[in-house]
Amino acid sequence: MVADEHFVVRIPDNLPLDVAAPLLCAGITVYSPLRYYGLDKPGLHVVVVGLGGLGHVAVKFAKAMGSKVTVISTSPSKKKEALENLGADSFLVSRDQDQLQGASGTLDGIIDTVSAQHPLFPLLGLLKFHGKLVLVGALEKPLELPVFPLLQGRKVVGGSMTGGLKETQEMIDFAAKHNVKPDIEVIAMEYVNTAMERLLKADVKYRFVIDIGNKLKATTS
């Protein structure tokens, strides 16, 4: 295929193609808001809400940028994954009010990857003055946004979807330099229907990558 050079992303030699593929979607989705909202500075305390395809990459990027990273999830069972496998510094269960209260007013920013209905009020309470809550999960229904926490702390609620090609290239180069790789499962084309069934059950960590050309070693038989 011949393409205009302005619409092509160069993949560094040390970044395998199978892990590069999800970075072009999930990777730029979380990298862009970290950069745009100034949450890429070393020493900041950043929270990632939701530990899925977007969330796990957000944790890796934020850690590579030098942030202290906390993961918030509804599932206590994900604590070991967040701390031991992904390198997060701490873990909070969103339904545990005592845990949330203990972290009140300690965060510089939040990357919220959840695409289901959830309250924003508890998250806003975690932010410091001038803190930023950034939504990247695509919800079907509107969320209720409490105003007083914004007024009292001069806090910001924003959103982000993706980035341009220049920023995507920057993200890919950053990932290659800092060894940021999404957790994937390589599958053959013949496995796609089974993979779709597993997706409905949220049974994937954290992205399926289809080997269309049968040139990679599938991790699923």
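The model is predicted.

**Aromatic pairs**

- The whole structure holds 4 aromatic pairs.
- One of them joins Tyr36 and Tyr37, with ring centres 5.0 Å apart and planes at 80 degrees. Angles over 60 degrees count as edge-to-face, so this pair is edge-to-face.
- Tyr36 is exposed, because its relative accessibility is 68%. Tyr37 is buried, because its value is 14%.
- Phe61 and Phe174 make a tilted pair. Their centres are 5.9 Å apart, and 40 degrees separate the planes.
- Phe61 sits in helix α2 (residues 53–64) and Phe174 in helix α7 (residues 165–178). The pair therefore ties together parts that are 113 residues apart in sequence.
- Both partners are on the buried side of the 20% cut-off: Phe61 has 0% relative accessibility and so counts as buried, and Phe174 counts as buried at 17%.

- Leaving out residues up to four places away in sequence, Phe61 touches Leu23, Gly27, Val30, Tyr31, Leu34, Met171, Phe174, Ala175 and Val180.

**Packing of α1 on α2**

- The axes of α1 and α2 are 9 Å apart, and the packing angle is about 55 degrees. That angle makes α1 oblique to α2.
- The crossing of α1 past α2 is right-handed.
- On the α1 side, the contact residues are Leu23, Ala26, Gly27, Thr29, Val30, Tyr31 and Leu34.
- On the α2 side, they are Gly53, Leu54, Val57, Ala58, Phe61 and Ala62.

**Packing of α1 on α7**

- The axes of α1 and α7 come within 9 Å of each other. They cross at roughly 105 degrees.
- Angles of 65 to 115 degrees count as roughly perpendicular, so α1 is roughly perpendicular to α7.
- From α1, the contacts involve Ala20, Leu23, Leu24, Gly27, Ile28, Tyr31, Ser32 and Arg35.
- From α7, they involve Glu167, Thr168, Glu170, Met171, Ile172, Phe174 and Ala175.

**Ahead of α1**

- Pro16 is in the segment before α1.
- Pro16 counts as partly exposed, because its relative accessibility is 35%.
- Pro16 and Ala176 are 160 residues apart in sequence. In space, their C-alpha atoms are 9.2 Å apart.

Technical notes: Residues numbered from 1 in each chain as written. Predicted model: local features only at pLDDT ≥ 70, side-chain atom pairs only at ≥ 80, totals over all residues. Heavy atoms only, no water. Phe/Tyr/Trp six-rings, centres within 6.5 Å; stacked < 30°, edge-to-face > 60°. Buried < 20%, exposed > 50% of the residue type's maximum accessible area, 1.4 Å probe, protein only. Helix = DSSP H or I, 4+ residues; strand = E, 2+ residues; numbered from the N terminus. Contact = heavy atoms within 4.5 Å. Axes fitted to C-alpha atoms, helices over the stretch in contact; angles between N-to-C directions. Parallel < 35°, antiparallel > 145°, perpendicular 65-115°, else oblique. Left-handed = near helix turned anticlockwise from the far one by under 90°.
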